[in-house]
Amino acid sequence: MAEFFSFLGDANRLRVLSLLANKEFCVSDLAALLEMSESAVSHQLRNLRVMRLVSYRKQGRNVFYRLHDSHVFHLYQAVAEHLDEKD
């Protein structure tokens, strides 16, 4: 579990997850929104796939990424809500 949360400590990975929490995207759209190179986004997506946080589907020549399942969405949502709470 420590490795998992350490993995999520990367700001770029969290930025990717925050976009994918709303809808699926292809690499080029993510790169444009994040102002990163497609290569850098692909690298982050590969790491996120290994940790089973994102999955993908192919449509013709395009590959669309989304959160792997509802557990990932709920984890992201719970942390976001916790950080938005006022004491």
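A nonpolar core is a set of buried Ala, Val, Leu, Ile, Met, Phe, Trp, Tyr and Cys residues joined through side-chain atoms within 4.5 Å; buried means under 20% relative accessible area, computed with a 1.4 Å probe on protein chains only. The model on display is predicted, so local features need pLDDT of at least 70 and side-chain atom pairs count only at pLDDT 80 or more, while totals for chains, interfaces and linings use all residues. Residues are numbered from 1 along each chain as its sequence is written, and side-chain values use heavy atoms, with hydrogens and water left out.

**First stop: the core**

Select Leu20, Val41 and Leu45. Of the 20 residues in the largest nonpolar core, these three touch the most other members. Helices α2, α3 and α4 and strand β3 are the elements that give two or more residues to this core; helices (H or I, at least four residues) and strands (E, at least two) are DSSP runs numbered from the N terminus. The largest share, four residues, comes from α3.

**Second stop: leucine 20 and leucine 45**

Leucine 20 lies in helix α2 and is buried, with a relative accessible area of 4%. Leaving aside residues up to four places away in sequence, leucine 20 touches Phe25, Leu30, Leu45, Val54, Tyr65, Arg66 and Leu67, where contact means heavy atoms within 4.5 Å.

Which residues of helix α3 (residues 27-34) are buried? They are Val27, Leu30, Ala31 and Leu34. Seen down the axis of α3, these residues fall within an arc of 100 degrees, so they line one face of the helix; the arc is that of the directions from the helix axis to the C-beta atoms. They pack against α2 (11-20), β1 (25-26), α4 (38-50) and β3 (62-67). After α3 comes glutamate 35, whose phi is positive, near 55 degrees.

**Last stop: α2 against α4**

Display α2 and α4 together. Their axes, which are lines fitted to C-alpha atoms over the stretch in contact, come within 10 Å and cross at roughly 80 degrees. With angles running from 0 to 180 degrees between N-to-C directions, the two helices are therefore roughly perpendicular, a term for 65 to 115 degrees. Asn12, Arg13, Val16, Leu17 and Leu20 of α2 make the contact with Gln44, Leu45, Asn47 and Leu48 of α4.

Note on methods. Buried < 20%, exposed > 50% of the residue type's maximum accessible area, 1.4 Å probe, protein only. Parallel < 35°, antiparallel > 145°, perpendicular 65-115°, else oblique.
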